[in-house]
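Welcome! Have a look at the structure first, and then read on.

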Amino acid sequence: MTDTTFTPRVFSGIQPSGGLTLGNYLGAMKRFVDMQNVGGFETVYCMVDLHAITVWQDPAALRQNTRELAAGFIASGIDPEKSILFNQSQVPEHAQLGWIFNCVARMGWMQRMTQWKDKAGKNSQNASLGLFGYPALMAADILIYHATHVPVGEDQKQHLELTRDIAAKFNNDFGVDFFPITEPVIEGAATRVMSLRNGSKKMSKSDPSDASRINMTDNADTIAKKIRKAKTDPEPLPESAEGLAERPEARNLVNIYAALADQSVDAVLAEVGGKQFGEFKPMLADLAVAKLAPISTEMARLMQDQAEIDRILARGAERGREIASPILKKTYEIVGMVGS
Ligand code: AMP
Ligand code: TRP
């Protein structure tokens, strides 16, 4: 089935587990804003609190992080009038469809997920059942809206393939054309922002070194300092993208520049090729500060009025349910639940 029969609709989510990084901003948030503004899509964005609790979350911190993430979405340019913005637990249809998908997905599919293997580690017997089933709930997040497009960073690719497998198996098992086969949207120069200390490791909020990442709450001085100290090599910047192939740290900084400036890597190198890092780093620091500092200032301002954030999320959940509720009802009917 092609997705042309479905309303063009974007869904994506971020876990409110604390600490947004430049990776989240460039790999996810900024692209959510672009898809909101490009026109032609309904856009639905979610703080996936049910996913966050697959590993332990302190309740007070979870509340704080959910509101801070909402502030991050809005400060980055998500307009709660244009987009539907809410936290996952407030649209119960996600969990309800998640259960159905627990019965569609196979153990073997889940066992192959690299995020499961990484997060459960050696002690998988002690991981929560929710962590194992995480990708089935993620498929439900997407398919409860019949979403056709899902912008994410590179690390979510395997989960989106699984979402397609679940939709296809459901359609096939029940002989219907009900769920769309969703398109992942993994595009741009920054689908995988790397650590500032190690160009072959992903930039992550869980890295023990704070110098490895730029946090969305960092102030201008901290941002500039971290970029100045970022690991590089001694060569000048190349004239074209091929010259970055064996230079992970240089490639990462150029990718970050390109994504922040909304330019292609080649366009950036046409401008900075031949320069030393001593000259390029201050340019990157200025650009990063110009783009990020207003966001962190706005986040702090929005956090002053929690009641307003809560009102926005409640309204978003209401709008989310208007789409999700009839899709769940139809799913129950297809599966054979009396009363649906
Ligand atoms: P998470 O914080 O793990 O819930 O991730 C939220 C979104 O940010 C997902 O779409 C991720 O793919 C994206 N993301 C996280 N870290 C990075 C990174 N270092 N580079 C690009 N995208 C990222
Ligand atoms: N698993 C995603 C992450 O860790 C978050 C997520 C949950 C998500 N449900 C989603 C992303 C649905 C896109 C669509 O980044």
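## Around ligand 1

The shell around ligand 1 is made up of six nonpolar, seven polar and four charged residues. This comes from a predicted model. In total, 17 residues surround ligand 1, and the closest are Gly 153, Asp 155, Val 193, Met 203 and Lys 205. Helix H1, residues 22–37, provides the largest share of this shell, with four residues.

Gly 153 uses a polar backbone atom, which is 2.9 Å from an oxygen atom of the ligand. Met 203 also brings in a polar backbone atom, here 3.0 Å from a nitrogen atom of ligand 1. Taken alone, ligand 1 exposes 490 Å², and the protein buries 91% of that.

## Around ligand 2

Now for the other ligand. Ligand 2 has 13 residues around it, of which Gln 15, Tyr 134, Met 138, Asp 141 and Gln 156 come nearest. By class, its shell holds seven nonpolar, five polar and one charged residues.

Asp 141 has a side-chain N or O atom 2.7 Å from a nitrogen atom of ligand 2. A polar side-chain atom of Gln 156 lies 3.0 Å from a nitrogen atom of the ligand. In Gln 15, a side-chain N or O atom is 3.2 Å from an oxygen atom of ligand 2. On its own, ligand 2 has 370 Å² of accessible area, and the protein covers 90% of it. Strand S1 (9–14) and helix H7 (129–143) are the elements that give two or more residues to this shell, and H7 gives the most, with four.

## The largest pocket

Where do the two ligands sit? Ligand 1 sits in the largest pocket, and ligand 2 sits in the largest pocket too. About 1200 Å³ of space lies in this pocket. Of the 43 residues lining it, those closest to its centre are Gln 15, Gln 115, Asp 155, Gln 156 and Lys 202.

The elements that supply two or more lining residues are S1, H1, helix H6 (114–120), H7, strand S4 (149–151) and helix H8 (157–174). H1 gives the most, with five residues. The lining divides into 15 nonpolar, 18 polar and ten charged residues.

## The second largest pocket

The second largest pocket has a volume of about 320 Å³. It is lined by 16 residues, and those closest to its centre are Met 107, Met 110, Leu 129, Phe 132 and Gly 133. By class, they comprise nine nonpolar, six polar and one charged residues.

Helix H4 (93–104), helix H5 (107–111) and H7 each supply at least two residues of this lining. H7 accounts for the largest share, with five residues.

## Cavities

How many cavities of 30 Å³ or more are there? The count comes to four. The largest cavity has a volume of about 60 Å³. Its lining consists of Gln 15, Pro 16, Ser 17, Gly 18, Gly 19, Leu 20, Asn 65, Glu 68 and Leu 69. These residues divide into three nonpolar, five polar and one charged. Gln 15 lines this cavity and is also among the residues that come nearest to ligand 2.

Technical notes
Residues numbered from 1 in each chain as written. Chains lettered and ligands numbered in written order. Predicted model: local features only at pLDDT ≥ 70, side-chain atom pairs only at ≥ 80, totals over all residues. Heavy atoms only, no water. Near = heavy atom within 4 Å. Polar contact = N/O pair within 3.5 Å; in protein donor to acceptor, adjacent residues only side chain to side chain. Areas by Shrake-Rupley, 256 points an atom, 1.4 Å probe, with all protein chains shown as cover. 1 Å grid on protein atoms, 1.4 Å probe; cavity = no way out; pocket = protein on both sides within 12 Å on 5 of 7 lines; lining within 4 Å. Sits in = over half its atoms within 2 Å of the grid points. Nonpolar A, V, L, I, M, F, W, Y, C, P; charged D, E, K, R; others polar. Points joined across faces, edges and corners; volume = space filled by probe spheres on them.
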